[in-house]
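Me: I would like to learn how to read a protein model feature by feature, from the overall fold down to single residues. Could you take me through one?

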Amino acid sequence: MTRIDPDALAKLLSGRRIAAVSGTNGKTTTTHLLAAAIRAGLAPARADRIVTNADGANLHYGIASALSQAPTADIAVLETDERVVADMIRLGRPEVLVLLNFSRDQLDRNHEIKKLARSWRDALEAAGEDGPVVVGNAEEPLVVWAAQTAKQVVWVDTASTWQEDATMCPACGAILIRRNPDPASGDPGDWDCPGCDLTEPAASIRVENGQIIDQRGIAHDPQLQVPGGFNVGNAACALAAAQLMGVSTEEALAGMRTVHSPAGRFATATFGTTTARLLLAKNPAGWHEALPLLGTSTVVLAIDAVAADGRDLSWMWDVDYEQLAGKDIIATGPRAQDLAVRLAYAEVPCRVVPDLSEALAGHPDPVDVLSTYTPFQKLRKLGGLA
């Protein structure tokens, strides 16, 4: 379609209210949460009013494909790859743009994440008053720097714990000063640059102890059906975006509670006689958040390094696999041996079973499976989820 008409994406975006979601981690889940929130607050509530790329096809072709299937939908909630954000701002003029985070990911393609942040910053500056209202993660220095040129920003404190991808100030290069959160006092901590005026902005919506504190200071228990504190942070960003789209807090939260397994994430599948819960993680930040969720005594770790995963596996050395000590670990997938070497240095014994089906076979008790992108898609098919 886009070969026949190079302007197809711009035409398909035209005339719709657009909310776009981007970031390295959490795009798919946040898009599902936001779409459900807006759906719950639609008036009139017709299913054909909203279009979204629900399966995570977030490059130009995937977005165009989703939009082409709903020509009459007047609201589009679009997961947008980091590399596509600048074009989304230029072509689609989104009403709201959610910017979640920046982490090392697919290093063979995106060698330096600041380059992506600069593309966001430049696009927002070029859009000026015609640009989107940004919902930004206040805890991410690169997001804060990128959003400085936006016409308006709603800041969200997501209570995230991953800091290893934001050591230096993106504005001046100085080493950032961080105050760690103090759960005892409720102090969320903050970050600041000693070399320039870049600092963590005050958030109007924040996450505290698993609850979302809104602009009025009222605490809401999100009661999400997807696990993990990081998803409470995703929900807080989705809530801020839904409010900007005209949805009330209560309607938005009710809608988000209907989301169970976005694009197979956190879904439970059956592989013969084995019951397995599927989790997706594609980079060190994602694995950092996902590893504490692995609650079964036997854990399957699936890994590959083809184009969709990113061919560079050096990020494995930044993941704290030591916390898996004491579990029965099975490494599977085409790059299982690479993972086994990393686990050996972490002093975590594992069995290497390269074939996915064999690795999932014959477990009498439920197992958790943590996988990179390509094996995850294969597991969805094997488990009847795709």
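Reply: What follows is a dialogue about this predicted model, going from the whole chain to single residues.

Me: What share of the residues is buried, and what share of the contacts joins residues at least 24 apart?

Reply: Buried residues make up 54% of the 386. Among contacts between residues at least 6 apart in sequence, 67% join residues at least 24 apart. As for the surface, the protein exposes about 16,200 Å², and carbon and sulfur atoms supply 50% of that area. The charges can be read through their mean positions, which for the 34 positive and 47 negative ones are 6 Å apart.

Me: Which residues touch the most other members of the largest nonpolar core?

Reply: That core has 65 residues, and Met 256, Leu 301 and Tyr 321 are the ones that touch the most other members. Its largest share, nine residues, comes from helix 7, which covers residues 229–244. There is also a second, separate core of 43 residues, which includes Leu 9, Ala 64, Ala 147 and Ala 174. To see one residue in its surroundings, take Leu 301, whose contacts beyond four places in sequence include Trp 287, Leu 324, Ile 330, Leu 343 and Leu 370.

Me: Is Glu 82 buried or exposed?

Reply: Glu 82 has a relative accessible area of 5%, and because that is under the 20% cut-off, Glu 82 counts as buried. Glu 82 sits in the loop between strand 3 and helix 4, and its contacts beyond four places in sequence are Ser 22, Gly 23, Thr 24, Lys 27, Phe 102, Leu 116 and Trp 120.

Me: Where does Thr 167 lie?

Reply: Thr 167 lies in the loop between strand 6 and strand 7, and with a relative accessible area of 43% it is partly exposed. Leaving aside neighbours within four places in sequence, Thr 167 is in contact with Ala 174, Ile 175 and Leu 176. The C-alpha atoms of Thr 167 and Gly 41 are separated by 40 Å.

Me: What should I look for in the backbone angles, and what is the phi of Arg 93?

Reply: Most residues other than glycine have a negative phi. Arg 93, however, has a positive value near 45°; it is found in the loop between helix 4 and strand 4 and is partly exposed at 40% relative accessibility. Asn 209 is another non-glycine residue with a positive phi, of about 50°. Asn 209 belongs to the loop between strand 9 and strand 10, and is exposed, with a relative accessible area of 78%.

Terms used:
Residues numbered from 1 in each chain as written. Predicted model: local features only at pLDDT ≥ 70, side-chain atom pairs only at ≥ 80, totals over all residues. Heavy atoms only, no water. Buried < 20%, exposed > 50% of the residue type's maximum accessible area, 1.4 Å probe, protein only. Contact = heavy atoms within 4.5 Å. Areas by Shrake-Rupley, 256 points an atom, 1.4 Å probe, with all protein chains shown as cover. Lys, Arg positive; Asp, Glu negative; His and termini not counted. Charge placed at Lys NZ, Arg CZ, Asp CG, Glu CD. Core = buried A, V, L, I, M, F, W, Y, C linked by side-chain atoms within 4.5 Å. Helix = DSSP H or I, 4+ residues; strand = E, 2+ residues; numbered from the N terminus.
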